[in-house]
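The sequence and the structure are shown first.

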Amino acid sequence: MIETDRLIVRPWRDADRAPFAAMNQDEAVRRYLGPPQSRAESDAAVDRMIASQAEHGCCFWAVERRDDGAFLGFCGIKPGRWPIEGLPEIGWRLAWAAWGQGYAREAAAACLEWAWAARDWPHVYAITVPANSASWGLMERLGMERLADGDFDHPDVPEGSPLKRHLTYRIACPA
């Protein structure tokens, strides 16, 4: 669907479920997301992505490496939730073995290019926790800007959790 020099960003397949579930059991991957997920929780997330694709024509798509077809994680754009309800939200999550190789930036930049070409969105948003400097650092490298009034407490995160507070970033469609 979206191809870069090294990646294919595409709809989910049943074969993605097992490596995605393994990724969601990795404490390093889940560090800023919450506790590891069960297989059922991971499969439910895939089901939500498939449903978003069917309903909206976009989701956090599966990412695979072109040269060997390895599942690396996800990246894409879907309708956001809290506090960006219904607005386009870009997000990514890669398996730990894929970190530090520029895959997230490559996939995210390609997804933004897709957004500007395929949709009439004036902005795309992203959220993360303040401690996740790798994520908000990528947002800034992509040209996203932190919204001064966009910090919020995530309603799905328990009170007292260091993951409760979130930041909101936004990028405008290029002129």
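A residue is called buried when its relative accessible area is under 20%, exposed when that area is over 50%, and partly exposed in between. The model discussed here is predicted. With a relative accessible area of 2%, Cys58 is therefore buried. Cys173, at 31%, is partly exposed.

**Cysteines**

How many disulfides does a search of the whole structure find? The search finds zero. Cys58 takes part in none, and the cysteine sulfur nearest to its own, that of Cys59, lies 7.2 Å away. For Cys173 the closest cysteine sulfur is in Cys58, at 15 Å, which is too far for a bond. A disulfide would require the two sulfur atoms to be within 2.5 Å.

| Residue | Closest cysteine sulfur | Distance |
|---|---|---|
| Cys58 | Cys59 | 7.2 Å |
| Cys173 | Cys58 | 15 Å |

**Overall fold**

The protein chain contains five helices and nine strands. Their order along the sequence is β-β-α-α-α-β-β-β-α-β-α-β-β-β. The radius of gyration is 15 Å, close to the 16 Å that the globule rule gives for 175 residues, so the chain is as compact as a globular protein of that length. The C-alpha trace spans about 40 × 40 × 30 Å along its principal axes. Of the 175 residues, 49% count as buried. Among contacts between residues at least 6 apart in sequence, 59% join residues at least 24 apart.

In soluble globular proteins, nonpolar side chains tend to be buried together. Here the largest nonpolar core has 45 residues, and Trp12, Ile90, Trp92 and Val124 have the most contacts inside it. Helix H4 gives the most to this core, with ten residues. A second, separate core of five residues includes Ile84, Tyr125, Ile127 and Leu147.

H4 covers residues 103-118 and reaches 22 Å from its first C-alpha to its last, close to the 22 Å expected for its 16 residues. Its buried residues include Ala108, Cys111 and Leu112. These three residues are also among those that Ile90 touches. Further contacts of Ile90 include Phe60, Ile77, Val124, Tyr125, Ala126 and Met144.

**Strand S6**

Strand S6 (residues 123-128) is mostly covered, with five of its six residues buried. Six bridges join S6 to strand S9 (residues 165-172), and the two strands run antiparallel. Within this pairing, Ala126 has Tyr169 in S9 as its bridge partner.

How values were computed. Residues numbered from 1 in each chain as written. Predicted model: local features only at pLDDT ≥ 70, side-chain atom pairs only at ≥ 80, totals over all residues. Heavy atoms only, no water. Buried < 20%, exposed > 50% of the residue type's maximum accessible area, 1.4 Å probe, protein only. Helix = DSSP H or I, 4+ residues; strand = E, 2+ residues; numbered from the N terminus. Pairing = 2+ DSSP bridges. Expected span 1.5 Å × (residues − 1). Core = buried A, V, L, I, M, F, W, Y, C linked by side-chain atoms within 4.5 Å. Contact = heavy atoms within 4.5 Å. Rg over C-alpha atoms; globule rule 2.2 N^0.38 Å. Lists of a residue's contacts leave out its neighbours within four places in sequence.
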